[in-house]
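Keep the view open and follow the topics in any order you like.

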Amino acid sequence: MNAIIFSAVFGVLLMFSSFLFQNKSTQRNIAIVAIVLLLLANFAEQFGIWRIQVNNHGMLHFSSFGLLFNSIAIGITGLYFLLSGKDIEAIDSGSPADYYALIFFILCGVAVSSAYNSLLMLFIGIEIISIPLYILTGSDKRNLKSNEAALKYFLMGSFSTGIMLMGITLIYGAKATFNIDQITEMVHPGREAWFNAGLLLLLISLAFKVSAAPFHFWTPDVYDGAPTVFTSFMATIVKAAVFVAFIRLYATVFSASKYDWRLILSIIVAATLFIGNITAIFQQSVKRMLAYSSIAQAGFMLFALYAYNGISKEGLILYTFGYSVATVGIFAVLGRMKDYTFEGFNGLARTQPILAATTSIFLLSLAGIPLTIGFFSKYYMLAAAVKNGGHLWLVFFAILCAVVSVYYYFRVIQSMYFKTGDADTPFVTPLFKWTLVAMAAIVILLGLFPNLLLQYLYF
Amino acid sequence: MPINLYIFVSLALFAIGVIGVLTRRNVIIIFMCIELMLNAVNLLLVAFSKMHLAEMAAKLPGATNNGVDGQLFVFFIMVVAAAEVTVGLAIIVMMYRNVHSVDVNFLNRLKN
């Protein structure tokens with residue numbers, strides 16, 4: 001409960017701080033202090049030291065999985081503020097405090113959707129995440145691409161919300177309750193068809209939100225059009241949060257149905273991996289390549305649902321962490337470049353050796369090369385699928401797709417190290433550099449010892 | 001009235017909404033179709049709520065609160081829909097200022 005309450009309160013405080021403090025860097029410092037306090041509050045709940053007790057009538061359920069994910073999301077947002085604070089200030093409309101406030105509201109939604117125990121709270125959580133995101137996507141008001149991305153995202157997002165609500169309603173019709181625990185207990189043989197139809201609609205709408213194929217078509221346009229700072233947030237923390245909501249739903253509500261959802265899921269996983277990886281190869285812009293790569297990574301994260309067991313839960317935590325850290329880092333470097341094409345990175349290793357080295361580590365992690373966290377997260381996902389048995393072709397297909405992904409990730413590394421050019425990034429502060437180095441160190445450290453993170457799952 | 005009629009009406013409304021979103025080109029009309037989808041859901045929720053109340057009352061006389069959570073959900077949907085409308089109309093106005101049109105066919109700058 002701590003994370004939900006504090007993020008909402010800090011969001012409101014930040015909203016008003018733009019009246020009191022006109023200075024942009026003061027606003028950023030307030031945001032960083034607030035995120036540290038939020039992280040401490042969530043730690044206090046996670047380790048059982050102190051928490052605010054609210055009687056929520058069984059609507060929320062705080063598990064160690066959800067709390068650990070909250071810590072990860074809040075921690076990475078903190079790193080994101082340190083890296084991208086300058087880019088948020090560079091957006092010319094509005095004061096940065098407004099954007100920080102919206103990000104805090106999104107974190108509130110993340111905390112709700114990682115802890116929901118009722119379909120009502122799932123809906124509320126996903127909406128609290130989505131609505132501020134529409135605003136962030138369109139925050140560059142005079143840029144037509146940003147406008148277009150915001151409109152597209154808004155239309156697709158509210159369309160999928162409508163589908164999700166229809167699904168929830170049909171489930172309610174079949175089971176007479178929104179509470180997840182009671183849904184699994186309630187049996188009403190005559191209404192199995194409503195229940196399955198509701199689950200199918202829910203699956204479609206959540207596939208929309210996590211941009212799984214065949215509902216991924218909005219993703220490249222929206223990620224490309226949104227300001228790069230906010231694309232970075234959208235592609236990492238938000239996507240991971242929806243996955244956490246999705247896996248909880250899958251483990252409970254979907255298992256109450258007699259129908260075997262694994263066939264539909266395996267088709268979605270295969271299509272997502274294929275489309276994401278193959279289309280990413282043909283992109284000219286690194287930003288668009290990262291958008292397709294985020295679709296491909298979503299395919300891997302879907303493995304956690306497809307093969308739901310203890311390993312896949314650990315894997316999802318590791319995957320969301322590794323993927324978010326690496327992607328936030330790459331986007332932060334990308335946001336400083338003048339030219340977003342692959343050629344724009346030519347010769348970065350000579351002008352900015354530290355940036356090039358850390359970006360390479362992040363890209364290696366995304367590709368799943370050993371000694372980085374990306375390797376272990378992919379390994380856990382596939383190990384979970386192998387352990388459950390059946391559909392082994394999907395595992396081989398995923399490995400094949402991971403090999404394909406090496407091509408487009410290494411293209412960036414090749415541009416940075418083996419091509420001559422004059423890629424330069426203006427205003428790189430020491431803070432920016434050292435945050436990147438620290439993130440790269442985390443990526444390698446957890447790539448050697450993943451249990452440093454996973455031990456917190458069992459409290 | 002049997003529940004099937006309610007289900008039929010609200011699924012029909014929902015289908016009209018979905019088809020409208022997929023085929024119409026005017027942003028405002030698409031937006032109205034999304035609202036139509038939400039209202040179809042509201043209608044069905046209230047119908048289910050009454051249905052569950054009647055069923056429970058037949059089993060245990062005196063159970064007057066069953067099914068009330070469906071009606072509560074309707075209020076949440078209304079509030080969230082209102083929040084979405086404020087943001088959505090703002091985005092539409094922002095786009096209209098830049099391109100002087102509310103046609104989604106203008107949305108093709110990101111394709112290439």
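Let's begin with a helix pair: helix 3 of chain A and helix 18 of chain A cross in a left-handed manner, where left-handed says that the near helix is turned anticlockwise from the far one by less than a right angle, and right-handed that it is turned clockwise. Please note that this is a predicted model, in which local features need pLDDT of at least 70 and side-chain atom pairs count only at pLDDT 80 or more, while totals for chains, interfaces and linings use all residues. Residues are numbered from 1 along each chain as its sequence is written, and chains are lettered from A and ligands numbered from 1 in the order in which they are written.

**Helix 3 with helix 18 in chain A**

- Helix 3 (residues 64–90) of chain A packs against helix 18 (residues 430–448) of chain A at about 145°, and their axes are 9 Å apart.
- Helices here are DSSP runs (H or I, at least four residues), numbered from the N terminus; axes are lines fitted to C-alpha atoms over the stretch in contact, and angles run from 0 to 180 degrees between N-to-C directions.
- On the helix 3 side of chain A, the contact uses A:Leu79, A:Leu82 and A:Leu83, and helix 18 of chain A brings A:Leu431, A:Phe432, A:Thr435 and A:Met439; two residues are in contact if their C-beta atoms, placed from the backbone, lie within 7 Å.
- Sorted by class, this contact of helix 3 with helix 18 of chain A holds six nonpolar residues, one polar and no charged ones (Ala, Val, Leu, Ile, Met, Phe, Trp, Tyr, Cys and Pro count as nonpolar, Asp, Glu, Lys and Arg as charged, and the others, Gly among them, as polar).

**Helix 3 with helix 4 in chain A**

- Helix 3 of chain A also meets helix 4 (residues 96–113) of chain A, with axes that come within 12 Å and cross at roughly 165°.
- Helix 3 and helix 4 of chain A are therefore roughly antiparallel, a term for angles over 145 degrees.
- The crossing of helix 3 and helix 4 of chain A is right-handed.
- Residues making this contact include A:Asn70, A:Ile74 and A:Glu89 of helix 3 of chain A and A:Tyr99, A:Ile103 and A:Val110 of helix 4 of chain A.
- The classes in the contact of helix 3 with helix 4 of chain A are nine nonpolar, two polar and one charged.

**Helix 15 with helix 17 in chain A**

- Helix 15 of chain A and helix 17 (residues 392–418) of chain A pack at about 170°, their axes 9 Å apart.
- Helix 15 and helix 17 of chain A are therefore roughly antiparallel too.
- Among the residues in this contact are A:Ser360 and A:Leu363 of helix 15 of chain A, with A:Tyr409 and A:Val412 of helix 17 of chain A.

**Helix 13 of chain A**

- Helix 13 (residues 310–336) of chain A has 27 residues and spans 40 Å from its first C-alpha to its last, close to the expected 39 Å (1.5 Å times one less than its number of residues).
- Of the 27 residues in helix 13 of chain A, 24 are buried; buried means 20 or more other C-beta atoms within 10 Å of the residue's own, exposed 12 or fewer, and partly exposed in between, with C-beta atoms placed from the backbone.

**Individual residues in chain A**

- A:Ser114 sits in the loop between helix 4 and helix 5 (119–137) of chain A, and A:Ser114 counts as buried because 26 C-beta neighbours lie inside 10 Å.
- Beyond four places in sequence, A:Ser114 touches A:Gly66, A:Phe69, A:Asn70, A:Ala241, A:Val244 and A:Ala245.
- A:His57, in the loop between helix 2 (24–46) and helix 3 of chain A, has a positive phi near 55°.
- The peptide bond from A:Ala213 to A:Pro214 is cis, with omega near 0°.

**Where chain B touches chain A**

- 31 residues of chain B contact 31 residues of chain A.
- Helix 3 of chain B supplies the largest share of the chain B side, 15 residues.
- That side of chain B divides into 23 nonpolar, five polar and three charged residues.

Conventions
Helices (H or I, at least four residues) and strands (E, at least two) are DSSP runs, numbered from the N terminus. Angles under 35 degrees count as roughly parallel, over 145 as roughly antiparallel, 65 to 115 as roughly perpendicular and the rest as oblique.
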